[in-house]
Amino acid sequence: MVSGAKALEIIERDNLVEHASIAGEYLRLGLNKIKDRVNCIAEVRGKGLMLGVEIVKPTGEHNKFGEPVADGELTLAIQRAALERGLMVEKGGRDGSVIRFLPPLIISFEQIDFALRTIEEAIIVAGGVEKTEQQAKKSSWRKHFIHTGEQGATEFAQVMNHTTQAMKEVFEKVSKPYSGLDPKTLETLINNVNLDSQNSNLQSVVDETAGLVAEHSIFTQHPDCIAHLHTPPLMPAVAAEAMIAALNQSMDSWDQASAATYVEQKVLDWLCERYELGEDADGIFTSGGTQSNLMGLLLARDRIADVTDGHSIQKLGLPSYADKLRIVCSDKSHFTVQKSASLLGLGEKAVHCVATHENGTIKTDALLADITALKEQGLIPFALVGTAGTTDHGAIDDLATLADISSQFGLWFHVDSAYGGALILSIIKTSSKGSKKPIQ
Ligand SMILES: Cc1ncc(COP(=O)(O)O)c(C=O)c1O
């Protein structure tokens, strides 16, 4: 009696009758919306918060009286699926085909949202959505995406496992660096691929690609393959590429790449430390050597205009003395130095190449003489490009001396380490510690 009176007092005090009526209407509205999206709800009925949902066969079967056929089995499956997801609903009705909601009077709108979300998910999982052919066609694009949740994860694993297996079979068969297929035949086979065949099954596309493309690729990892320039693939790189592709983070902003944002900064800081670039050093990942050379020389070009007369190339375009600007590098530097000069609006003529020793490294005496001569001609050498690993011979310029010369003439020092940069991680670097100069 006492607790009953207390309950009534709370109901009155918190206006729970009115809340139940509004929350009940909210729940009813949500259930009716689900009814429109699935095929197994015949009716939503009841009063206030005490609502029931009548479950019928999703195939749309009718009995002899023209009524939809109740589906007790599906109701049970829905109840179980809901329970597995943390929502308890009662099963009742004559055929055990009514799902009942008996929430407490104090239920919040957030809790109702949860119940609605969960019950819809449970209905879908239990098979309460029988899609028409047209509906299925409309949503068939979904299968091309990686979905979260158990089902999506399983499909992802199936595709990855299938691809791994296909590549495993390719590698097992490899006995020489190239299959030996006549190049003309390979070209014809590839040209015969019908790119318009829509909606091909992914697994058969993977099989076809493995048989046609992978099997007739160049296997740089084969012992008989004499290295050109590109390296055999590394296992960690393949694993990383798969993860990167599956996540597709965008480095534009944190909200598109939460963890990757920190990974980028962490790796850059680590690299700056390895290269001993100093406290203020920072960087950015690029697509490779071409982009790195362009970016380095862009910074150098913008800096010379800034320090010369406070001119902003970004805002105003090239300065009046752009014609005189010179980039100095060796005659063994990569051709992307010239390419960068052309892209930067300076023209290839802005690149001055210095002679090299027989071993491919820049002659530092000649460098000093050339810079002096350029200046005497009224030209403006503004950047020095050193190479840490020339393309053909892997020659590493005397970077410490180049750094000194850059300081002496106020040049921006850029090191193209596309080829040899990774040496910083090698044992050779450790043993030469103390004899090197930081790279800018
Ligand atoms: C010394 C050097 N710099 C730059 C590049 C260009 O690099 P990427 O092909 O990554 O753009 C190469 C490529 O061979 C190179 O050897």
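How do α6 and α8 lie relative to each other: roughly parallel or roughly antiparallel? Before you look, note that this is a predicted model, where local features need pLDDT of at least 70, side-chain atom pairs count only at pLDDT 80 or more, and totals for chains, interfaces and linings use all residues. Residues are numbered from 1 along each chain as its sequence is written.

Select 149–173 (α6) and 202–214 (α8): the two helices pack at about 20°, with axes 10 Å apart. Helices here are DSSP runs of H or I, at least four residues, and strands are runs of E, at least two, numbered from the N terminus. Axes are lines fitted to C-alpha atoms, for helices over the stretch in contact, and angles run from 0 to 180 degrees between N-to-C directions. Under 35 degrees counts as roughly parallel and over 145 as roughly antiparallel, so α6 and α8 are roughly parallel.

Now show side chains at the contact (C-beta atoms, placed from the backbone, within 7 Å). From α6, you'll find residues including Val159, His162 and Met167; from α8, among them Leu202, Asp207 and Ala214.

Next stop: the open sheet, with four parallel strands in the order β6-β5-β7-β8. Pairing takes at least two DSSP bridges between strands. The twist averages 25° from one strand to the next.

Zoom in on β7 (380–387), which pairs with β8 over five bridges; Thr387 has Asp416 of β8 as its bridge partner.

Key:
Angles under 35 degrees count as roughly parallel, over 145 as roughly antiparallel, 65 to 115 as roughly perpendicular and the rest as oblique. Two residues are in contact if their C-beta atoms, placed from the backbone, lie within 7 Å.
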